[in-house]
Amino acid sequence: MGMTIDVRVVSAEGSIYEGTADMVIAPGQMGELGILPRHAPLLTGLRPGELRIKHGAETEYLFVNGGILEIQPDVVTVLADSAERATDIDEAKAKAAKEAAEVRIANQADELDYAAAQAELLEQVARLRTLQRLREQGILR
Amino acid sequence: MAKAKEINAQIKSVKNTRKITKAMEMVAASKMRRAQERMAASRPYADKIREVLAHVAQAHPEYQHPFLAERPRKRVGFLLVSSDRGLCGALNVNVLRIVVQQMHDLQSQGIEVQVAAVGNKGVGFLRRHGAQLSAELTGIGDRPGLADMVGPIRVMTDAYRNGEIDALYLISSRFINTMLQRATLEQVLPVKKPEEKTVVAGERWDYIYEPEARPVLDHLLQRYVESVIYQAVVEHLACEQSARMVAMKNASDNAKRLVGELQLAYNKARQAAITQEIAEISAGAAAV
């Protein structure tokens, strides 16, 4: 019996995932993090990207839009600003939002808006990339 | 018949009022269900971030964050959560009572007070009493997003960071059940150390921070404060709807009782008028 680690993914809108895993791969602020059981305690921010939870032969794909990751030796907690299952991503909506953000960046209305648009763009690009990777692996369509 | 007519008009007016209170009761009941669901949905995040913070408090970080450090209190900040609309029983009054009492207590100790308010009722009340509001937020609607609340939260956390206030308290209503809500006072900043000891590796340990302790803890604590306040606002909305439902149910029941009493009075008045008429006619006939 191999070791497993508890994983909990929550966002302000609710609990997204709760279960055990053999390995978790998270989009940390300083790069991708692969987390195995008995990892040293770690605290980091997350950037928008894909969160993979491997359990046996199965892999759960989630999309997290920033947040905080806490690692304890036997439990991983993801406090996402928002999160969704990768298969729930609405491609059309993401594309539209990405284009809207690009337009706003091109117009450069004011500084505050520019920063918000940039964050939005980053989020949508990450979302679309997650979707693309799922396709390449033949998990989606 | 003049008296009976008067009573009849009164019955009509009470019945009309009852229609309104009944409608409000039903609207509040359906909104309450959704508000409770929303409250339940935001709970896991609040619970988990509390847990993480409990771990952080047990770590031995090389960097002491100001949000965790107790300091002497010269000025205290309050964030008051109230509802936008009235007709919800004693809900807002209870919350306001705590504010007034706290302000009075602290000011008599020579501690200055700074207040921010969410919700029309609190804002209006504090304004009328000449309090200085450092931030206010009204018209949050039934489905508040965290983004709506960021303004007042920022004002208060910045004030704490800059040393304008030395503690931040949250005053809001706790949802106990549909019939019962309780106004509460909760310390938000500095973050209280949780009592229970949970998990945790070894004796002396610290996190690996990526990239560094300061920005990560900053991020975490800011999120924590946001989560606590967001949770309070969502919970207050659930309180508001259930308080309103109960208040309106009482009003409807009262109206029903009142209509019954008035109906009885009306029947008596009608009968008295008829009896009097017959007496007059027979008296007239006897005279002829």
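## The sheet of chain B

In chain B, strand β2 (residues 112-118) pairs with β3(B) in the parallel sense over 4 bridges, where two strands are said to pair if DSSP finds at least two bridges between them. Helices (H or I, at least four residues) and strands (E, at least two) are DSSP runs, numbered from the N terminus. Within this pairing, B:Ala117 has B:Glu136 of β3(B) as its bridge partner. The model is a predicted one, in which local features need pLDDT of at least 70 and side-chain atom pairs count only at pLDDT 80 or more, while totals for chains, interfaces and linings use all residues. Residues are numbered from 1 along each chain as its sequence is written, and chains are lettered from A and ligands numbered from 1 in the order in which they are written.

The two strands belong to an open sheet of 5 strands in chain B, ordered β3-β2-β1-β4-β5, with mixed pairing. Because β3 (133-137) and β5 (180-189) of chain B stand at the edges with a single partner strand each, one side of each is left without a neighbour in the sheet. From one strand to the next, the twist averages 20 degrees.

## Helices against the sheet and each other

Helix α3 (residues 120-128) of chain B lies across β1 (75-81), β2 and β3 of chain B, and runs at about 145 degrees to β2(B). Such angles run from 0 to 180 degrees between N-to-C directions, and axes are lines fitted to C-alpha atoms, for helices over the stretch in contact. Helix α5(B) also packs on the sheet, where it touches β1, β2, β4 (167-177) and β5 of chain B, and its direction makes about 40 degrees with that of β4(B). Two residues are in contact if their C-beta atoms, placed from the backbone, lie within 7 Å.

Helix α1 (residues 2-58) of chain B packs with helix α5 (residues 213-287) of chain B at an angle of about 160 degrees, and their axes are 5 Å apart. That angle makes α1(B) roughly antiparallel to α5(B), since angles under 35 degrees count as roughly parallel, over 145 as roughly antiparallel, 65 to 115 as roughly perpendicular and the rest as oblique. By class, the contact of α1(B) with α5(B) has 33 nonpolar, 12 polar and 13 charged residues; here Ala, Val, Leu, Ile, Met, Phe, Trp, Tyr, Cys and Pro count as nonpolar, Asp, Glu, Lys and Arg as charged, and the others, Gly among them, as polar.

## Where the chains meet

The contact between the chains takes 23 residues from chain B and 22 residues from chain A. On the side of chain B that touches chain A, two or more residues come from each of α1, β6 (208-210) and α5 of chain B, and α1(B) gives the most, with 8 residues. This side of chain B has 16 nonpolar, 4 polar and 3 charged residues.

Strand β5 (residues 42-46) of chain A pairs with β6(B) in the parallel sense over 3 bridges, and B:Tyr209 in β6(B) is the bridge partner of A:Leu43.

## Backbone details in the loops

The peptide bond from B:Leu189 to B:Pro190 is cis, with omega near -10 degrees, and B:Pro190 is found in the loop between β5 and β6 of chain B. Another cis peptide bond joins B:Glu210 and B:Pro211, with omega about 0 degrees, and B:Pro211 is found in the loop between β6 and α5 of chain B.
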